Amino acid sequence: MTLAEALGPKGTDIESAITRAGQIVFHSVGDTGNTMGPHNMELVADKMVSDYNETNPTVVPSFLYHSGDVVYSFGESQYYYDQFYDPFRNYPAPIFAVPGNHDGMVAPNSPATTLAAFLENFCATAQPPHRTPESGGLARTAQIQPGVYFTLEAPFVRILGLYSNCLEDPGVISDQGGTYASLTEVQLNYLEAALQRIKKEKFAGAVLIAVHHPPYVAVNLSPKMNFGRHGGSPLMLKDIDNACAKTGVWPHAVLSGHAHNYQRFTRSLDNRETPFVVAGNGGHALQKLTQHGSPTLRTPAIQGPLSNGKDQVVFENYDDTEYGYLRIIADSQQLRIEYHPASDGDAAKTPDDFVTVDLASRKIVRYTLPGATGS
């Protein structure tokens, strides 16, 4: 689907204005649902809303891309008002999402089916766009995504969203050679087709893959270190790699959630430097990467156990004490990913971490402001 479709009758005009401005800005975050109350997720949502107060229209975000676990602990419809619609009642732009494992879960003995509420609120087919009962009368209408995995097209960027299913760990997008016999190859077929279309159309903008379960999380380099409950998904990453190698199209960055903290990695492979960014600290229970008495966790650090033998994976930065979100900027030459903790307050707009990828060379570079000149 296109951003214009989600924006309604004026969508094409808005997309044209973004193109003339020379860049697009958007948010991304995961794991916002909170069964303990709205405070933490409202801190993040309100901080994102404050980005819409910018006086320069070219830096105002155009949408939010949610990387999953919109609601907890189960995915039934009764959780959507308290954990999604109410906290985001003031968010003034479209919200897209791929489901997390909790979005697909249903409570034991529940008559609901997996993903039913997610489909109703994010993949509505009725036209014109309508409000669902879960919204409680708030203004946000159901999103019109074509499915739980889909391509979002916007000026300067394409986001290929994948659904990594309901397991706590690992993330799964295929049957993995028969290990998960209930799954098919349909997502791999989609991913290959989406990548082939990028190649066929010679799309020159930023290509991102968004999936709830992170391919990488920091690994245990010491028996005294504790890196939280969630692990990485190397076989899922292998499926993604195979599709990319088959088509010759690779993402400029991979976004995910699931691990309830912020982590950023750089993968170096075949002369490409690719950020893998985990932003799972959108409001649900933070997970510490270390515990009292464990050795200091310093970054950057090479994560040898995460390598597939052909690449190098470097753990660049993390935040396991604050809730926060990503602010992402794409133009014709660069992709910049910023991390903003909510605790900085609405007036603070300097990121605590950031990374910039040159689209042509696929190398991590210093960010250049659009229109900047000189050395």
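I'll go through the sheet, then one arginine, then the rings and the salt bridges.

Quick housekeeping. This is a predicted model, so local features need pLDDT of at least 70 and side-chain atom pairs count only at pLDDT 80 or more, while totals for chains, interfaces and linings use all residues. Residues are numbered from 1 along each chain as its sequence is written, and side-chain values use heavy atoms, with hydrogens and water left out.

What is the strand order in the open sheet of six strands? Reading across, you get E3-E2-E1-E12-E13-E14, and the pairing is mixed. Strands here are DSSP runs of E, at least two residues, and helices are runs of H or I, at least four, numbered from the N terminus. Two strands pair if DSSP finds at least two bridges between them. At the edges sit strand E3 (95-97) and strand E14 (353-358), each pairing on one side only. From one strand to the next, the twist averages 20 degrees.

Now look at E1, residues 23-29. How many of the residues in E1 are buried? Seven of its seven, so this strand counts as mostly covered, with buried meaning under 20% relative accessible area, exposed over 50% and partly exposed in between (1.4 Å probe, protein chains only). In a regular strand the side chains alternate between the two faces of the sheet. In E1, Gln23, Val25, His27 and Val29 point one way, Ile24, Phe26 and Ser28 point the other way, and all are buried.

E1 has a neighbour on each side. Six bridges join E1 to E12, and those two run antiparallel, with Val25 opposite Ile329 in E12. Three bridges join E1 to E2, and that pair runs parallel; there, Val29 stands opposite His66.

Helix H3 (residues 39-50) lies across E1, E2, E12 and E13, running at about 30 degrees to E12. Contact here means heavy atoms within 4.5 Å, and the angles, on a scale from 0 to 180 degrees, are between N-to-C directions of axes fitted to C-alpha atoms, for helices over the stretch in contact.

Which rings does Arg336 lie over? One is Phe354, at 4.6 Å from the ring centre, and another is Tyr367, at 4.7 Å. The cut-off for a charge over a ring is NZ of Lys or CZ of Arg within 6 Å of the ring centre and within 35 degrees of the ring normal. Arg336 also meets Glu338 in a salt bridge, 2.8 Å from N to O. A salt bridge needs a side-chain nitrogen of Lys or Arg within 4 Å of a carboxyl oxygen of Asp or Glu. Is Arg336 buried or exposed? Buried, because its relative accessibility is 9%; Glu338 is buried too, at 5%.

On to ring-on-ring pairs. The whole structure has 15 aromatic pairs. Rings of Phe, Tyr and Trp (its six-membered ring) pair if their centres lie within 6.5 Å; planes under 30 degrees apart are stacked, over 60 edge-to-face, and the rest tilted. Phe84 and Phe88 make a tilted pair, 5.7 Å centre to centre with 45 degrees between the planes. Phe84 is buried at 2%, and Phe88 is buried at 2% as well. Both belong to a cluster linked by ring pairs, along with Tyr52, Tyr85, Tyr91, Phe118 and Phe122.

Last topic, salt bridges: there are 14 in the structure. Arg197 and Glu201 meet at 3.6 Å, N to O. Arg197 is partly exposed at 31%, and Glu201 is partly exposed at 44%. Asp320 and Lys288 form another, at 3.8 Å. That pair links distant parts of the chain, 32 residues apart: Asp320 in the loop between strand E11 (312-319) and E12, Lys288 in the loop between strand E9 (272-279) and strand E10 (301-302). Asp320 is buried at 7%, whereas Lys288 is partly exposed at 43%.

That's my tour, over to you.
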